[in-house]
2 protein chains.
Amino acid sequence: MKKKHEKESFDSALKVQEGIPQPPVLNETAVTRFKRTRKQLPSVEAFMEGILNFNRTLFSQAITLVESALPEHQALAQEIIARCLPHAGKSVRLGVTGVPGAGKSTFIEALGTYLTGNGHKLAVLAIDPSSSRSKGSILGDKTRMEGLSTHPNAFIRPSPSAGSLGGVARKTRETIIICEAAGFDTIIVETVGVGQSEIAVHSMVDFFLLLMISGAGDELQGIKRGIMEMADAIAVNKADGDNKSRAQIACTQIKNALHLFPLPESGWSPPAITCSSLMGDGIPGVWDTITEYIRFTQTNGYFRLKRQQQSKQIMIDSIDQRLHDHFYLNPEIKTALRQIEHKMLADQVTPYQAAAQLLELYFRAMGK
Amino acid sequence: MKKKHEKESFDSALKVQEGIPQPPVLNETAVTRFKRTRKQLPSVEAFMEGILNFNRTLFSQAITLVESALPEHQALAQEIIARCLPHAGKSVRLGVTGVPGAGKSTFIEALGTYLTGNGHKLAVLAIDPSSSRSKGSILGDKTRMEGLSTHPNAFIRPSPSAGSLGGVARKTRETIIICEAAGFDTIIVETVGVGQSEIAVHSMVDFFLLLMISGAGDELQGIKRGIMEMADAIAVNKADGDNKSRAQIACTQIKNALHLFPLPESGWSPPAITCSSLMGDGIPGVWDTITEYIRFTQTNGYFRLKRQQQSKQIMIDSIDQRLHDHFYLNPEIKTALRQIEHKMLADQVTPYQAAAQLLELYFRAMGK
């Protein structure tokens with residue numbers, strides 16, 4: 001009896017009361033104004049003049065276009081990038097990674113201040129595919145690089161808003177091109193020290209720096225094993241005050257660990273050094289290591305080779321990714337996949353047979 | 001003058017003397033006999049009975065079919081594999097790798113002798129995509145496993161003849177299915193300790209053992225950095241005679257190195273142990289470690305999860321590979337690729353633009 005009553009009142013609560021009509025979701029006047037604004041984007045020529053002469057407003061706006069998901073913004077962005085290409089490629093591209101807490105922001109602030117003080121023009125970008133979730137944990141809070149962010153020869157940009165790692169990486173690579181065309185001679189790409197984004201950063205920089213700190217004995221804890229392998233140098237940060245001797249011990253341990261691994265393709269054996277972002281000790285040393293590496297690899301040809309390999313790899317990966325997506329987005333594949341996967345996990349077909357069946361279906365659908 | 005004379009005599013030496021006609025390359029009678037033999041292959045039913053009752057001749061012949069490149073052999077092989085699948089999957093699959101000289105063959109002989117002595121039925125397979133060049137460096141010389149190779153409960157098969165790593169790996173995976181259907185409860189897949197084949201082996205086994213020896217201080221030299229990460233245990237071999245204490249020191253160093261890395265997904269922390277394949281010391285200990293790992297991962301569910309992940313990954317990789325090949329084999333792509341790559345390496349287009357242009361061409365050609 002009670003149940004019925006509850007149901008009735010529940011029903012009545014669901015009844016929508018007649019009321020005043022909802023206001024339109026879009027403000028027509030605002031839409032018209034917005035559309036006009038969008039149409040009033042500067043021309044490619046205006047953008048190019050702005051970028052090549054480093055007009056900060058146009059330069060930033062161009063990067064916003066690169067980061068935008070709107071098709072018309074993308075079309076314009078691609079035109080700008082194509083026009084920037086002949087002016088790009090002349091910077092030193094650095095990747096900086098490290099576990100959270102290694103002091104990446106203060107390190108970049110210290111290195112950046114040193115570089116801009118020596119006449120360099122520095123752009124700091126970031127890759128953090130999780131940045132929508134963590135609300136821009138890296139570089140989001142510009143106040144952490146207060147000194148650098150106001151310097152006329154520095155440009156700091158947080159990670160493009162979240163998306164697939166591939167998408168974020170692509171936007172960052174395109175932003176590098178625009179920065180280089182604008183005359184930045186040093187680009188730092190920062191990444192969070194966990195996960196796949198290091199590999200993406202490694203694939204777009206000339207030099208990859210791993211920042212560490214002395215910890216509870218296990219200096220490599222939390223660092224994915226592959227990350228150490230990619231480093232062209234390891235800097236033990238926070239080598240100051242009470243922590244100085246501990247940092248030096250950690251540095252020796254890391255040197256020993258690095259010694260265990262074979263020489264990388266570059267022919268450069270990655271050094272381990274200490275530095276203090278807080279006091280500035282060792283910061284010039286880090287930069288010396290970087291310039292020494294650049295000289296070394298430019299002499300032995302690896303510098304150019306690596307950039308060419310990076311370009312080729314990006315093209316191949318980009319094609320593979322698109323072929324992969326195109327396959328799995330096919331509606332017939334979507335339907336068949338679940339069934340075949342189920343059969344495979346029940347050991348009724350081998351993974352190869354499953355793949356062959358799906359591929360046959362796909363190519364038949366493609367030929368239609 | 002001398003030069004000219006030399007040249008003349010050189011010319012005359014190049015002149016081919018007329019001789020008797022070459023005999024035909026193919027012996028027609030032999031070809032006819034061979035073709036007849038090929039048609040007289042046993043039926044799927046005969047193969048299945050042979051495999052399930054472990055008739056060594058039919059069993060070996062089935063594996064030869066798997067390894068064959070002939071389309072008609074492959075069709076028959078795939079039928080046999082499909083029929084074997086319900087009987088497969090019940091073995092413990094071990095991967096063994098190590099630098100050349102680590103004593104893989106003697107180790108497998110020692111472990112295999114221990115296992116067959118304890119009633120196990122053991123198949124030893126190998127992956128060596130370079131085996132045509134090195135003339136079957138691993139397992140090719142069966143005399144190195146003389147005791148094991150003649151044991152009724154052991155089966156030793158060299159690496160399938162050279163091809164792409166993917167092809168070799170596929171043949172080995174399919175051979176595992178046939179071995180399991182034939183009642184082998186333990187499968188060892190051996191690999192050379194250098195390069196990509198470790199990753200292929202790791203993707204088809206339950207337990208991955210890295211074999212090392214005490215060296216000149218740098219215990220990890222020559223081992224790709226990623227290999228250590230994949231190991232479920234590391235055994236320092238040749239811990240005998242004068243070498244015993246050195247092996248123990250090396251083992252301690254490896255333990256320390258392993259300690260630096262975070263716990264793998266399995267929840268199992270890889271131990272380092274010593275053994276002597278020559279004296280047999282530590283061989284039961286290696287097997288105890290393996291069985292302990294199997295028990296541990298079967299209890300926490302990782303064992304089944306890993307096999308399912310392996311299957312899914314093989315299917316995905318196999319599809320991606322085929323899509324990739326299909327793209328690059330397209331004649332229009334072949335022509336366009338060279339031009340676009342050239343433009344890209346001259347920094348006239350970005351890798352993304354190059355990829356987009358090629359993809360547009362490909363999908364247009366596909367839809368025709």
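1. A salt bridge is a side-chain nitrogen of Lys or Arg within 4 Å of a carboxyl oxygen of Asp or Glu. One such pair is B:E341 and A:K312, whose side chains meet at 3.6 Å, N to O. Between chain B and chain A the count is two salt bridges, and over all chains the structure holds 14.

2. This is a predicted model, in which local features need pLDDT of at least 70 and side-chain atom pairs count only at pLDDT 80 or more, while totals for chains, interfaces and linings use all residues. Residues are numbered from 1 along each chain as its sequence is written, and side-chain values use heavy atoms, with hydrogens and water left out.

3. The contact (heavy atoms within 4.5 Å) takes 58 residues from chain A and 57 residues from chain B.

4. Within chain A, A:R170 and A:E174 form a salt bridge with the closest N and O atoms 3.1 Å apart. The two residues are separated by about one helical turn because they stand four residues apart in helix α8 (residues 165–181) of chain A; helices are DSSP runs (H or I, at least four residues), numbered from the N terminus. A:E174 is buried at 1% relative accessibility (buried means under 20% relative accessible area, exposed over 50%, partly exposed in between; 1.4 Å probe, protein chains only). A:R170 is partly exposed at 27%.

5. In chain B, the side chains of B:D206 and B:R307 meet in a salt bridge at 2.7 Å, N to O. Both residues are buried, B:D206 with a relative accessible area of 2% and B:R307 with 11%.

Key. Chains lettered and ligands numbered in written order.
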